[in-house]
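Here is a short briefing for a first look at this structure. Keep the sequence and the 3D view side by side as you read.

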Amino acid sequence: MFHFTSHGSYNQCSFKNAGVSDVTLKGFRVVEGNIYCEVSGGVTVRNLLYENIVIETAHEICPAALWTYVLGAGNAIDGYTVRDVHILNTKCMGFLLAGTPMNSADVRTAGGWVYNVLYEDCTAIGCGSVTPRYNEWCCGFDLAEGVNVRNVHLVRCEATGNYLDGFHIEMWPYVYNVVFDDCVANDNGLKGSEGWGFVWGSRTYPDQEVILNNCTGHGNLGADVWNNNIGVKYDLSPTG
């Protein structure tokens, strides 16, 4: 396995994809770096694959260790596969699908899209647990932050010991057909004031489509699950 180490406060990414389709990255380790794809200029980027990668101690200059940034309407990613990728003890989020406008319902009309996403056998452990951290909202998996998503499938993924939430979906974007199969969320909420295992939805926009199949969790600070579409919080059966 190749090994990359980033040095210096201006070295923001170990790998940056500036809107190129049909890209595969696989079989290496990154220490104190990040992997990033930016989509702008009214394009759709297709068929990205990340496989057999370890990212350790990703720095706080970027919001996440492995992330996408779709800059507004007319831009999209279609086909995004992340398999056997493990993110450990970072100063930022773990996995992030992001875009603009952020933190606003305007994303529904002015935001871009990410379609057909697969996270398989991935882990986010201790994201945001190392200081200085990017911000106070460091999650393991953030699946819709300023970007709309359709057809997101997580299979056998784990989020444990993260600063805020394990698996997080922001309240404003359109979220269609997000499915968790056999996923685990344990001991999230190191922040000490809030933190959930799986959290999504909004009472204002109660239309996000999220399904949990055979998922487990325990020890999450707030609760294992917060379905804010209907305002329900509950715990899952503990893992063995």
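I230 sits in the loop that runs between β20 (225-227) and β21 (232-234). The model is a predicted one. I230 counts as exposed because its relative accessibility is 54%, and exposed means over 50%.

**Cysteines**
- How many disulfides does the structure hold? The count is zero.
- C122 takes part in no disulfide. Its nearest cysteine sulfur belongs to C157, 4.7 Å away, whereas a disulfide needs two sulfur atoms within 2.5 Å.
- C122 is buried, at a relative accessible area of 0%.
- For C127, the closest cysteine sulfur is that of C92. The two sulfurs are 7.0 Å apart, so they are too far for a bond.
- C127 is buried as well, with a relative accessible area of 0%.

**Largest pocket**
- The largest pocket has a volume of about 550 Å³.
- Its lining is made up of 27 residues.
- Which of these residues lie nearest the centre of the pocket? They are W137, E145, L164, H168 and E170.
- β8 gives the most to the lining, with three residues.

Definitions and conventions: Residues numbered from 1 in each chain as written. Predicted model: local features only at pLDDT ≥ 70, side-chain atom pairs only at ≥ 80, totals over all residues. Heavy atoms only, no water. Helix = DSSP H or I, 4+ residues; strand = E, 2+ residues; numbered from the N terminus. Buried < 20%, exposed > 50% of the residue type's maximum accessible area, 1.4 Å probe, protein only. 1 Å grid on protein atoms, 1.4 Å probe; cavity = no way out; pocket = protein on both sides within 12 Å on 5 of 7 lines; lining within 4 Å. Points joined across faces, edges and corners; volume = space filled by probe spheres on them.
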